[in-house]
Amino acid sequence: MSATLPADPTVPLDTGKKTSSRRQWSVQGGPRGLLRRMRSQLAEDGCPESQLVMGRTLLQQLGDESEEEDARLAVFWLNQSSLQGNREATELLQDCLDKNIGICEHNYREIRECLAMDLQEKLARRAAHLLFCSLSDGNDFINSPSLSTKVHNLVSGKEESTECTESETTQFENGRNLEKRYGGERFTEDHLVSASVLYCEGRVPPLHHYITPMETLEQSQMQKILYLPHRLITDVYQSCLHFLGVVLTNFFVHTLKLNSPVNILAVLSLMFALIALTGGAQVNVVLPVSVACVALIVMIISSAHMLLIRKRFDSFRMWSVVFSHYCPDLNTTQIENKFKSRCWKPYAITFLALVFYLCAVPLTSSNLLINFLPVLYLVAALTFFLVPEELSIWQFISLFIHMFAVAPEMCNKLSVWLLPIVTGTGLEDLFVAHHVYVWHNVKLNLGFASVLHLVWCSCCLTVFLKHGLAFLLPHLVSLMWCHLAIMATQLVTSSSNLVIPIVTWSTLVMLPFFTPFILTAIPGLLVASLCLHIGFELYTAVLILIICVALTLILKNWWPSLILMFKVFIGCGVLIYIFQSSMMQRIPLLQHSNLLWENYKNVCWPSKDTGAATAHRCLPLQGTFVKWQGSVTQVEIVSIWNLPQSVLNLMPEIIEKPLRCYVGEQLKPCPSGKTVGGQVDHCNVIQSAVGSDLCVLDNWNEYKFELTLAMSSSSSSWKFGTSTTSIKIIADNDYKEFVLGLQLGDEIEFIGALAENIGSLNPKLLLSSVSCVNCKLKLKSATKHIEQSHIDIWLVPPFVFNFLMGPILTV
C-alpha cells in the first residue's frame with residue numbers, strides 16, 4: 001500500500017517554512033485493504049487519530065529493507081498528530097527522539113519545536129485551523145464580517161443557523177449586503193493561528209478589534225426617545241472610562257518617561273523656591289491635601305483599569321467559547337487563569353494608594369472628604385456591579401455585613417432591633433460592647449460589631465480557599481470604596497453639604513458633552529448682555545450676538561485647541577473652588593488658652609527689663625490663642641485690594657468706563673432729609689466733587705483693618721506704670737461688616753492669636769472671633785478659623801490601623 005503526504009500540513013508549524021515542497025513518502029508492505037486506504041486518506045485530510053494510527057502502525061512494521069524510510073514516515077505522521085494535541089502521539093514522538101528512530105536533518109528541528117510546544121497551544125492551533133476551514137470554503141483567506149458573524153453565532157449558540165439558504169444567498173448577491181459578505185479586512189490562516197497563540201498566553205488577540213458588535217433591531221422614534229437617557233449614561237461612562245483608563249494613563253506614562261536628572265533637578269528647584277516664598281506653614285497645609293488628591297486619583301485610575309480588564313475578559317472569554325467549540329479538549333479555565341494572573345497590577349497600586357490616602361485623611365479638612373463623597377459612591381457602585389465576573393448572593397451578604405460592622409450607627413440600630421429577640425437565650429453578652437488590651441494601646445473589642453466583622457472575615461476566607469485570590473480581589477476593592485464612602489458620610493452634618501459636591505462633579509463629568517455649546521453660545525451672550533447694559537438697542541445686541549457666535553465657530557475651525565483650553569479653564573476653576581482654604585484645612589474646634597490679660601501684662605510688658613529681654617522671654621507665646629476684652633480707641637484701614645480696579649487701570653478709557661459700570665455700580669442718589677452722622681452732607685460733597693454718574697468698584701474692595709483697643713487692668717497687676725494699656729488687632733475682609741459698624745468706646749470680646757511684637761509696648765494679634773459686650777449699634781458676631789501650620793503626624797498610624805483592622809482591633 002502506498003500513501004501520499006498532503007501538500008500542505010494540517011496545522012502550520014512555527015518555522016514559517018512552506019511544506020508544500022516536502023517530498024512524498026510511500027508506505028511499503030502490508031495488505032492493501034479498504035480500511036488501510038481510508039486511514040491513509042483520513043490522515044492526509046488532517047484527522048489526528050488516523051495520523052496516530054499511521055505512525056504507530058509504521059513503527060510496529062519496521063523491516064530490514066525499508067526501516068529508515070518507514071521510520072521517517074512514522075515520525076512525520078506522529079509529528080502531525082502531536083501538533084493537533086494528541087497526547088499518545090506526543091509520547092511516541094518523544095520516544096522516537098530519545099531512541100533516535102526516524103530522526104534526520106530534515107525533521108529534527110520541527111520535532112524539537114513540536115515537543116517543546118505546550119499542549120494547550122497545540123489544541124488552540126487546531127481550533128484556529130478548523131475555524132479557518134469552516135469559513136474559507138477552500139479559499140486562501142477569510143474576511144472580517146464573516147469572522148465576526150461566526151464568532152457572534154458561536155457565542156450566542158446559533159451555530160446551526162450560520163449557513164445561508166439559497167434565498168438568503170440570492171439576497172446577499174443581489175441586495176445591499178455585498179459589502180458585508182465580501183468586504184472588510186482579509187485574514188489568512190496564519191492570522192488565526194497567531195491569534196490562538198496569543199490567546200494561550202492569556203492575551204486578547206488583536207484580531208478581536210475587527211469583531212464588530214452585534215447588530216440590534218431597528219428602533220422606532222419613540223423607542224429612541226425612551227432609551228435616550230440610557231444611551232447618554234452609557235456614552236458618559238464609556239467616555240470617562242476611556243479618558244481615565246487610556247488617555248490619562250498614557251499621559252502619566254509619557255510624563256514619567258520624560259524624567260531625567262535635569263528635569264528632576266528643575267522640578268525640585270521649583271518646589272524649594274515655592275516653599276521659600278510661601279513658607280513652611282503653607283507646606284504643612286498643602287502637602288496632606290495634595291497627597292490625598294493624588295492618591296484618590298490613582299485609586300480612581302486603577303479602578304478604571306479594573307473595569308477595562310473586565311471588558312477585556314469578556315472579549316477573552318468570547319474566544320474561549322470559539323476555540324472550545326472546535327476543540328472541546330482545550331482547557332479554557334487554565335488559559336483564563338493565565339489572563340487573570342496578569343491583572344494584579346491595578347490591585348497592588350490601589351492598595352498602595354489607599355495607604356497614602358489614609359495617611360492624609362486625618363490631616364485634611366472634613367469638607368474636602370465630603371467633596372469626594374459623590375466620587376466614592378459612584379466608584380463603589382461601579383466596582384461592585386461591573387468588576388466581578390458575576391454577581392452572586394454571597395457578595396451582597398458580604399457587603400451588608402461589612403457595612404453594618406464598620407458603620408457604628410447602622411450597627412447600633414441593628415443591635416437594638418436584635419437585642420429583644422435574643423433576650424433569655426444567653427447571647428445578650430454579644431451585644432454589650434467592652435474591650436481587652438492585648439498589647440500596649442491595641443484593644444480587642446468584644447461586641448456586636450466585632451462579631452459581624454468576624455463573620456465577614458470568615459466568609460472572605462472561605463471564598464479565598466474555594467475560589468482563590470483572583471476571585472476575591474474585585475469584591476475586596478468594592479468593599480474598600482464602600483468603607484471610604486461610609487467614612488466620609490459620617491462627616492456630613494446636613495443634606496446641604498452634598499449639594500455643592502454633586503453639582504461640581506456633575507459639571508466635570510458632563511463638561512466634555514456640553515463644552516461645544518457653551519463655547520459657542522456663552523461668549524456671544526456675555527457680549528450681548530454687556531451691550532444691553534451699556535445702552536445699545538435690542539436689535540443691535542442681537543446682531544452682535546450673531547456676529548460673536550459666527551466668530552466663535554470660525555475660531556473653532558481655525559483653532560481646534562480652543563475647546564481644550566476652555567475645558568482646562570473650567571476645570572481649573574473647579575479645582576480652585578475645591579482647594580479653597582476651608583477645603584485644605586483640618587479645622588479643630590475653636591479653643592483658646594487660659595492666659596488672662598493681667599498675667600500677660602505682668603510677664604510680657606516692658607518695665608525694668610530691656611525690650612529685648614522681655615521679648616525673648618515671651619517668644620514661646622507666639623501663636624497662642626487668647627480670649628480678652630477691650631475698648632475700641634481707633635479703627636483704621638491698613639490696605640485695600642481691588643482686582644478689577646487694577647485691571648481696568650491698564651485699559652483705555654473708551655473700554656474702561658463701560659466695563660467699570662458693568663462690573664461695578666453707580667453712586668446712589670443722596671437721601672433726603674436729615675440723617676444721623678451727617679450722611680447727606682457727606683454724600684452731597686462727594687457727588688459735587690466727582691459727579692453723580694460716576695461708577696465705582698467699592699463692592700470689589702478687599703480690606704485689611706487694624707483695631708486699637710484699650711486694655712484695662714485690675715488692681716492685681718504689679719507692673720509699674722499706668723493701669724490702661726493698648727494693643728492692636730489685625731482683621732481681614734471677613735470682619736468687614738462688624739469692624740465698619742464699630743464706634744469709639746465700644747467694648748468687645750475677642751479671640752486672637754499672638755502674632756507680632758510680643759513682649760513690646762504694641763503687641764499685635766490676629767483676629768479669629770469677635771463679639772460685642774457693650775456696643776452703641778447692634779452688631780452680629782463674626783468668626784473665622786485661622787489656618788494652623790501645626791499638624792499632628794501621630795494621628796496617622798492609629799487612623800490607618802483602625803481602618804484596616806477595626807472594629808475587632810483598634811488603637
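Is Phe 385 buried, partly exposed or exposed? I looked it up: Phe 385 has 46% relative accessibility, so it counts as partly exposed. The cut-offs I used are under 20% relative accessible area for buried, over 50% for exposed and in between for partly exposed, with a 1.4 Å probe and protein chains only.

**Ground rules.** I noted that this is a predicted model, where local features need pLDDT of at least 70 and side-chain atom pairs count only at pLDDT 80 or more, while totals for chains, interfaces and linings use all residues. Residues are numbered from 1 along each chain as its sequence is written, and side-chain values use heavy atoms, with hydrogens and water left out.

**Whole protein.** I found 33 helices and 13 strands. These are DSSP runs numbered from the N terminus: helices are H or I with at least four residues, strands are E with at least two. Of the 811 residues, 38% count as buried. I also looked at contacts (heavy atoms within 4.5 Å). Among those with a separation of 6 or more, 73% join residues 24 or more positions apart.

**Aromatic rings.** Rings of Phe, Tyr and Trp (its six-membered ring) pair if their centres lie within 6.5 Å; planes under 30 degrees apart are stacked, over 60 edge-to-face, and the rest tilted. By this rule I have 17 aromatic pairs. One of them is Phe 384 with Phe 385, edge-to-face, at 5.1 Å centre to centre and 85° between the planes. Phe 384 is buried, at 4% relative accessibility. I also noted one aromatic cluster formed by Tyr 199, Phe 313, Phe 316, Trp 319, Phe 323 and Phe 339.

**Helix H4.** Which residues of H4 are buried? I listed Ala 89, Thr 90, Leu 93, Cys 96 and Leu 97. They lie on the same side of H4, because they cover an arc of only 120° around the axis; the arc is taken from the directions from the helix axis to the C-beta atoms. An α-helix has 3.6 residues a turn, so residues three or four places apart point the same way. The face turned away from the buried side of H4 carries the exposed residues Arg 87, Glu 91, Asp 98 and Lys 99. The cover over the buried residues of H4 includes helices H2 (48-60), H3 (67-83), H5 (108-116) and H6 (119-136).

I then checked the length of H4 (residues 87-99): its 13 residues should span 18 Å at 1.5 Å a residue, and the end C-alpha atoms are 18 Å apart, which agrees. The expected span is 1.5 Å times one less than the number of residues. Just after H4, Asn 100 takes a positive phi of about 60°.

**Strands.** Two strands pair if DSSP finds at least two bridges between them. E3 (residues 434-439) and E4 (residues 442-446) pair in the antiparallel sense over 5 bridges. Tyr 437 stands opposite Lys 443 in E4. The hairpin of E3 and E4 has 2 residues between the strands, and His 440 takes a positive phi near 50° there. E4 also pairs with E13 (residues 809-810), antiparallel, over 2 bridges. On that side I found Lys 443 opposite Thr 810 in E13.

**Last look-up.** Pro 523 lies in helix H23 (residues 499-534). It is partly exposed, with a relative accessible area of 30%. Pro 523 and Val 549 are 26 residues apart in sequence and 7.7 Å apart in space, C-alpha to C-alpha.
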